[in-house]
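This report walks through one protein model for a reader who has not seen it before. Please keep the sequence and the structure in view while reading.

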Amino acid sequence: MNKAFTLIELLAVILILGIIALIAIPTVTNIISESKQESFKVTVSNISASVERNCQLEILKGLPQTNTYVITNKKLVPSIEIKGNMPQTGTFTVDKDCKIILINASNEGIALTQDALSKNIEVVDNIKVFKTFITGNTKEVSTIYFNPTTGEKCDKEKAVSTPLTTNGCMKWYSIENSGLNKKTVNAILDHNSASTVAWNTTGNNTVMGEIAVKFNESIANWKTILTPRLVTAKEIADALKHPSFDESTADSAKRFAFDTLEWKLTTKPTGSSNYSWLFDYTKDCTQYGCFINDQTSNGYWTQTPTYNTSNNHVWTVGNGYLSPSGRAVDGYYGVRPVIKIPKEKL
């Protein structure tokens, strides 16, 4: 006569299987990760050997010595014969004696670095890529949901974008291209964390005055490892791929609109700007292509003084433009922090 399993016996079997899975899955995952890393090390070693041989051949033939070999989209320049598969990206540098002195290579989420001084090879798996520009001219930007008070990532559904919100889950944008060889990503908040304030009413534009107080109040509960700060004018210009903006020499005349890269402000349909993520939640910004207005501020301060204007002006972000404003101006510009997030937290 067949005997059926009791409910308790079935639950016991399920529990045992669950425990086995909890133990086995991380182990298998680690084995796969370690295998990928070791395979990548072999690939990089083969490329290094080929690069050194090619360098030695150049010297024997009396040809100009190539010091840097660059891999882009699995293509090596200059082209030489390589055994095995080519990584997605990489840079191999040799010295005058044809010895490898620096390696940076990455492929499918694995990044490898090695320098001549330490001789240590560092391999990191599952490094995420964050981009300000994803493809061509689409001007898309990586979105991050992160809680600076806990220092942990959070769910999109829990994110709050209400201006002056400083704690809890919030929405951030990558302000830089952060590839496989970077362990952190700089991200700018999608709204102002503090109300309008003057930069400095009693000093000059080289020192933060009132704005420093407001900024520090708004980040008081954030993890210090995130090194909160104001965005720079250079970061804004780089995100827009401005061809010539140099914050060290840019005076007030170098102001520009985001979508034209020249001083030509024109009204645009709501949400039509390629760079709305940089000026959403500012006053009347929908007239210039942003998605969401907020009447509490015209924009936000950067941390960058303008060049050679009697120490009186600082670069600001407003309705789709980067423009100088007087350091003592109050009631117009607020605070929008940038943080450096370790990718291991994402």
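## Two threonines in loops

At a relative accessibility of 62%, T267 counts as exposed, because that value is over 50%. The model discussed here is a predicted one, and in it T267 belongs to the loop that runs between strand 12 and strand 13 (299–305). Leaving aside residues up to four places away in sequence, T267 touches Q287 and Y288. T267 also lies 7.4 Å from G289, C-alpha to C-alpha, although 22 residues separate the two in sequence.

Is T165 buried or exposed? T165 counts as buried, because its relative accessibility is 17% and the limit for buried residues is under 20%. Its side chain reaches the backbone oxygen of T162 at 2.7 Å, and, not counting residues up to four places away in sequence, T165 touches V160, M170, L189, H191, N192 and S193.

## Three disulfides

The protein has three disulfides, and when the bonded cysteines are counted along the chain, their pattern is 1-2, 3-4, 5-6. A disulfide is a covalent bond between the sulfur atoms of two cysteines. One of these links joins C55 to C98, with 2.1 Å from S to S, and with -70° about the S-S bond this link is left-handed. Because C55 lies in helix 1 (residues 7–60) and C98 in the loop between strand 3 and strand 4, the pair ties together parts that are 43 residues apart in sequence. C55 counts as buried at 0% relative accessibility, and C98 counts as buried at 1%.

Another disulfide is formed by C154 and C169, whose sulfur atoms are 2.0 Å apart; the torsion about the S-S bond of C154 and C169 is about 80°, so this disulfide is right-handed. C154 and C169 both lie in the loop between strand 8 and strand 9, so the pair ties together parts that are 15 residues apart in sequence. C154 and C169 are both buried. A further disulfide joins C285 to C290 at an S to S distance of 1.9 Å, and the torsion about the S-S bond of C285 and C290 is about 65°, so this disulfide is right-handed. Both C285 and C290 are buried.

Strand 3 (residues 89–94) and strand 4 (residues 100–107) pair in the antiparallel sense over six bridges, and V94 stands opposite I100 in strand 4. Five residues lie between the strands of this hairpin, in which C98 takes a positive phi near 70°. This is the cysteine that is linked to C55 by a disulfide.

Five strands form an open sheet with mixed pairing, in the order 12-15-14-13-16. Its edge strands, each of which pairs on one side only, are strand 12 (256–257) and strand 16 (333–334). Within this sheet, strand 14 and strand 15 (residues 321–326) pair in the antiparallel sense over five bridges. Which residue of strand 15 is the bridge partner of V317? The bridge partner of V317 is L322.

In soluble globular proteins, nonpolar side chains tend to be buried together. The largest nonpolar core of this model has 25 residues, and those with the most contacts inside it are I236, F258, W277, L278 and L322. Helix 3 (233–239) and strand 14 (313–317) each supply at least two residues of this core, and the largest share, four residues, comes from helix 3.

In helix 2 (residues 210–218), the buried residues are I211, A212, F215 and S218. Because these residues cover an arc of only 130° around the axis, they are on the same side of helix 2. The buried residues of helix 2 pack against strand 11 (229–230), strand 13 and strand 17 (337–342).

Note on methods:
Residues are numbered from 1 along each chain as its sequence is written. Side-chain values use heavy atoms; hydrogens and water are left out. Buried means under 20% relative accessible area, exposed over 50%, partly exposed in between (1.4 Å probe, protein chains only). A polar contact is a pair of N or O atoms within 3.5 Å; within protein, one must be able to donate a hydrogen and the other to accept it, and residues adjacent in sequence count only if both atoms are side-chain atoms. Contact means heavy atoms within 4.5 Å. A nonpolar core is a set of buried Ala, Val, Leu, Ile, Met, Phe, Trp, Tyr and Cys residues joined through side-chain atoms within 4.5 Å. Two strands pair if DSSP finds at least two bridges between them. The arc is that of the directions from the helix axis to the C-beta atoms. A disulfide is a pair of cysteine sulfur atoms within 2.5 Å.
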